[in-house]
Amino acid sequence: MGKLQVMRVFALAPMPATATDLALASFPPAGRLDYKVTRQGDDIGTQSVEFIRDGDRLTVRTHVDIAVAMLGITMFRFTHVAEEQWQGGRLMQITSQTNDDGEPRKVDLRLDGDRLRGTYNGRAVDYPASLIPASLWHPATVQQTVLLDPIKGRDRNVTIADKGEEPIKVRGQTVTAHHYSITGQIMREIWYGPDGQVVQVRFPAKDGSQINVLLR
């Protein structure tokens, strides 16, 4: 599995700060990943994740744009823009603005000593600095028992199970991906490709339908 195997070793073994720093020093590489979002097989939107490197600084920008329409009428609208600032393997700041079907959500958290402090919709929030956002790209995501919700600025308790390797079709080709299942206060099925990047995510929508996010 090459690089994926290395990254998953970081994720499954106890991870001292030096291992995290080493992983983030070279992973993920600078670039942009684009995804299509489908619901019950129908295209409903797009997602992109951009990684920008400047020395030991890593900026991660996420854009999501989803619209569900019926008979030409938009029934559901979701947009999300987030930015994570990392330095030396530490999360320095995370901000996001979301239109959750008409409900505005805004997160602004910054590193303050050993805490992440800031606001969600103007209300003060305070979390351990070790908390990892549930943006799923981080190599230590699958090791966590608590993740930071980047939309609502809350800490979420999760259980993560290793489902092993599975063949999935990405960009018209079959690849061997590593499947993890997140349950608890966040529900996600995630597949990581041979290079350690997220290639597919699946989760239930509020109405019980399945949302699929696939690398394109």
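Student: In S4, which residue is the bridge partner of Thr59?
Tutor: Gln85 is the bridge partner of Thr59 in S4. Keep in mind that this is a predicted model.

Student: What makes S3 and S4 a strand pair?
Tutor: Pairing needs at least two bridges. S3 and S4, residues 73-87, are joined by 14 bridges, so they pass. The two strands run antiparallel.

Student: What sits between S3 and S4 in their hairpin?
Tutor: Two residues lie between these strands. Leu71 in this hairpin takes a positive phi near 55°.

Student: How do you know that S2 and S3 pair?
Tutor: Set the count against the cut-off of at least two bridges. S2 (residues 42-54) and S3 (residues 57-70) have ten bridges, so they count as paired. The sense is antiparallel. Within this pairing, Gly45 stands opposite Ile66 in S3. The S2 and S3 hairpin has two residues between the strands, and Gly55 in the turn has a positive phi of about 65°.

Student: Why is the pair of Phe51 and Trp137 called edge-to-face?
Tutor: Ring centres must lie within 6.5 Å, and planes over 60 degrees apart count as edge-to-face. The centres of Phe51 and Trp137 are 5.9 Å apart and their planes stand at 70°, so the pair is edge-to-face. Phe51 is in strand S2, while Trp137 is in the loop between S9 and S10, 86 residues apart. Both Phe51 and Trp137 are buried.

Student: Why is the pair of Trp86 and Trp137 edge-to-face?
Tutor: The centres of Trp86 and Trp137 lie 5.6 Å apart with planes at 80°, so the pair is edge-to-face. Trp86 belongs to strand S4 and Trp137 to the loop between S9 and S10, so the contact ties together parts 51 residues apart in sequence. Trp86 and Trp137 are both buried.

Student: What makes Phe51, Trp86 and Trp137 a cluster?
Tutor: Ring pairs link Phe51, Trp86 and Trp137. The whole structure holds three aromatic pairs.

Student: How do you know that the charged end of Arg188 sits over the ring of Phe203?
Tutor: The distance limit is within 6 Å of the ring centre, and the direction must be within 35 degrees of the ring normal. The charged end of Arg188 is 4.2 Å from the centre of the Phe203 ring, and it sits over that ring.

Student: Why is strand S15 called mostly covered?
Tutor: Buried means under 20% relative accessible area. Five of the six residues of S15 (residues 210-215) are buried, so S15 is mostly covered.

Student: Which residues of S15 are bridge partners of Thr38 and Val201?
Tutor: Asn212 is the partner of Thr38, and Val213 that of Val201.

Terms used
Residues numbered from 1 in each chain as written. Predicted model: local features only at pLDDT ≥ 70, side-chain atom pairs only at ≥ 80, totals over all residues. Heavy atoms only, no water. Buried < 20%, exposed > 50% of the residue type's maximum accessible area, 1.4 Å probe, protein only. Helix = DSSP H or I, 4+ residues; strand = E, 2+ residues; numbered from the N terminus. Phe/Tyr/Trp six-rings, centres within 6.5 Å; stacked < 30°, edge-to-face > 60°.
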